[in-house]
Amino acid sequence: MQKIKEIRVEEVHNIEEKEHFFRVYFHYADGKIKMIDESSTRPILARYVSKVY
């Protein structure tokens, strides 16, 4: 299991092609970056904490 260091959301305004969208990235502890997806709607960012007993 890889450790995710950050989750980033980037808002892109491409004026030349008249596009506006959001990109979601995972940044891993080992320096690897993985683009998850692109969306035309703004993602809702939420934090959930689960505890296992």
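Visitor: Which residues are linked with Arg-23 in a network of salt bridges?

Guide: This is a predicted model. In it, a network of salt bridges includes Arg-23. The residues linked with Arg-23 there are Glu-10 and Glu-38.

Visitor: How far apart are the closest N and O atoms of Glu-38 and Arg-23?

Guide: A salt bridge requires a side-chain nitrogen of Lys or Arg within 4 Å of a carboxyl oxygen of Asp or Glu. Glu-38 and Arg-23 form such a bridge. Their closest N and O atoms are separated by 3.0 Å.

Visitor: In which strands do Glu-38 and Arg-23 lie?

Guide: The pair of Glu-38 and Arg-23 links distant parts of the chain, 15 residues apart. Arg-23 belongs to strand 2 (residues 19–28), and Glu-38 to strand 3.

Visitor: Are Glu-38 and Arg-23 buried, partly exposed or exposed?

Guide: Buried means under 20% relative accessible area and exposed means over 50%. The relative accessibility of Glu-38 is 40%, and that of Arg-23 is 23%. Glu-38 therefore counts as partly exposed, and Arg-23 likewise counts as partly exposed.

Visitor: How many salt bridges does the structure hold?

Guide: One of the salt bridges joins Glu-6 to Arg-8, with the closest N and O atoms 2.6 Å apart. Another joins Arg-42 to Glu-11, with a corresponding separation of 3.7 Å. For the structure, the number of salt bridges is four.

Visitor: How many residues apart in sequence are the parts that Arg-42 and Glu-11 tie together?

Guide: Arg-42 forms a salt bridge with Glu-11. Glu-11 lies in strand 1 (residues 4–14), whereas Arg-42 lies in the segment after strand 3 (33–39), so the pair ties together parts whose separation in sequence is 31 residues.

Visitor: Does Arg-42 count as buried or exposed?

Guide: The cut-off for exposed is over 50% relative accessible area. Glu-11, the salt-bridge partner of Arg-42, has a relative accessible area of 37% and is partly exposed. Arg-42 has a relative accessibility of 58% and therefore counts as exposed.

Visitor: How many bridges join strand 1 to strand 2?

Guide: Strand 1 and strand 2 run antiparallel. Within this pairing, Val-12 has Phe-21 in strand 2 as its bridge partner. The number of bridges joining strand 1 to strand 2 is 10.

Visitor: Which residue in the turn between strand 1 and strand 2 has a positive phi?

Guide: Strand 1 and strand 2 form a hairpin, with four residues between them. In that turn, a positive phi of about 55° belongs to Lys-18.

Visitor: Which residue in the turn between strand 2 and strand 3 has a positive phi?

Guide: Strand 2 and strand 3 pair in the antiparallel sense over six bridges, and Phe-26 stands opposite Lys-34 in strand 3. These two strands form a hairpin with four residues between them. The turn residue with a positive phi, about 95°, is Gly-31.

Visitor: Why is the pair of Phe-26 and Tyr-28 edge-to-face?

Guide: The count comes to one aromatic pair. The ring centres of Phe-26 and Tyr-28 are 6.3 Å apart, and the planes stand at 85°. Planes over 60 degrees apart count as edge-to-face. The pair is therefore edge-to-face because of its plane angle, 85°.

Visitor: Which residue has its charged end over the ring of Tyr-28?

Guide: Tyr-28 counts as buried, at 10% relative accessibility, whereas Phe-26 counts as partly exposed, at 21%. A charged end sits over the ring of Tyr-28, 5.6 Å from its centre. That charged end belongs to Lys-32.

Technical notes
Residues numbered from 1 in each chain as written. Predicted model: local features only at pLDDT ≥ 70, side-chain atom pairs only at ≥ 80, totals over all residues. Heavy atoms only, no water. Buried < 20%, exposed > 50% of the residue type's maximum accessible area, 1.4 Å probe, protein only. Pairing = 2+ DSSP bridges. Phe/Tyr/Trp six-rings, centres within 6.5 Å; stacked < 30°, edge-to-face > 60°. Lys NZ or Arg CZ within 6 Å of the ring centre and 35° of its normal.
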